[in-house]
Amino acid sequence: MKLRKTVWRFLPLSLLVFLLTGCLGETNLTALDPKGPQSQWIFDKMLLSLYIMAFVTIVVFAIFFIILAKYRRKAGDDELPKQVHGSTALEITWTVIPIILLIILAVPTITGTFMMADDEPDPEVGENTVEIKVTGHQFWWQFDYENEGFTAGQEVYIPVGEKVLFELHAQDVMHSFWVPALGGKIDTIPGITNSIWLEADEPGTYKGKCAELCGPAHALMDFKVIALERPEYDQWVANMQAEVEEPTDALAQQGRELFGADGLSCISCHAVGGTGTAAGPALTNFADREVIAGYLENDDENLAAWIRDPASLKQGNNMPSFPQISDEEMEALIAYLRSLSVNEQ
């Protein structure tokens, strides 16, 4: 009786937790709404597995209840039921059926594994196949378009309907590159090069995650894959390749000087155009980004807080803090960063 009361007491809470696990606050961050050939294959095979498991469950429970009803002990019936121990027919039946079910799962799994491991360029695209080198850092992502000659950080742009090749590396510890709506996950491991390809069926912004515990800010190591139609993508590439123009606004000009000044020397970690290093995310198109540090809304208040004390917002990241910046200097620096847009060219 006590056990029954305990079960009924916790059942509503358990059901609520189960339902809440299906609640997603963000779009394009689920493998249950596939937007590419890889993710569609994964989703289809997941459904196939569920159908097979449901079929087996229904059959087993049906047989169980039939036997329970048909062969239950009746009053006055003291005869032993027919003994079928060692029945060759039954042994063959419950051996062959699981083998058939495993074959149904194994054949598409093997073919799909080869399909997803095929990192050769798409013959329909040929030399225009987009190839991107990905490097995982604590706790941000670097995207090098080596053939195009520029670097992007935190947001990676790809053309719609084309197979895009990713070469994966890690700078410090193991990370895992995962875009749930577009495909499976793959680890980035220091000293080892892995590869994966993704394809988006339609334009949009697809959320990416690090799926490997990599430090205190692992949960905030997000990125975005932005899929554009080929003409728009080509225009974005041309804008990223173009020389970054000096700001015309006086306040932004002052911020540009602070950006390269010895006291701050932001340029020593953040590249703008072809100038600077890649110790931190490239900022060529910073003003076009939706978020700062992978998760903060890209507004002036968050930007100022991030520059002054990044450790308080993303624990364990390697960016130094700059509490000494005055409000006037911060205003100028933000004005300069707001001028870094390639979409306005």
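## Packing of helices α2 and α3

In this predicted model, helix α2 (residues 37–70) and helix α3 (residues 88–117) have axes that come within 11 Å and cross at roughly 170 degrees. Because angles over 145 degrees count as roughly antiparallel, α2 is roughly antiparallel to α3.

On the α2 side, the contact is formed by Gln38, Trp41, Ile42, Lys45, Leu48, Ser49, Ile52 and Val56. Helix α3 contributes Leu101, Ile104, Leu105, Pro108, Thr109, Gly112, Met115 and Met116. Classified by residue type, the contact of α2 with α3 comprises eleven nonpolar, four polar and one charged residues.

## Overall fold and dimensions

The secondary structure of the protein consists of seven helices and twelve strands. The radius of gyration is 28 Å, whereas the globule rule gives 20 Å for 345 residues; the value is well over that figure, so the protein is more spread out than a compact globule. The C-alpha trace spans about 100 × 55 × 35 Å along the principal axes.

## Contacts, burial and surface

Among contacts between residues at least 6 apart in sequence, 63% join residues that are at least 24 apart.

Of the 345 residues in the protein, 37% are buried. The accessible surface of the protein amounts to about 20,200 Å², and carbon and sulfur atoms account for 60% of this area.

Methods
Residues numbered from 1 in each chain as written. Predicted model: local features only at pLDDT ≥ 70, side-chain atom pairs only at ≥ 80, totals over all residues. Heavy atoms only, no water. Axes fitted to C-alpha atoms, helices over the stretch in contact; angles between N-to-C directions. Helix = DSSP H or I, 4+ residues; strand = E, 2+ residues; numbered from the N terminus. Parallel < 35°, antiparallel > 145°, perpendicular 65-115°, else oblique. Contact = heavy atoms within 4.5 Å. Nonpolar A, V, L, I, M, F, W, Y, C, P; charged D, E, K, R; others polar. Rg over C-alpha atoms; globule rule 2.2 N^0.38 Å. Buried < 20%, exposed > 50% of the residue type's maximum accessible area, 1.4 Å probe, protein only. Areas by Shrake-Rupley, 256 points an atom, 1.4 Å probe, with all protein chains shown as cover.
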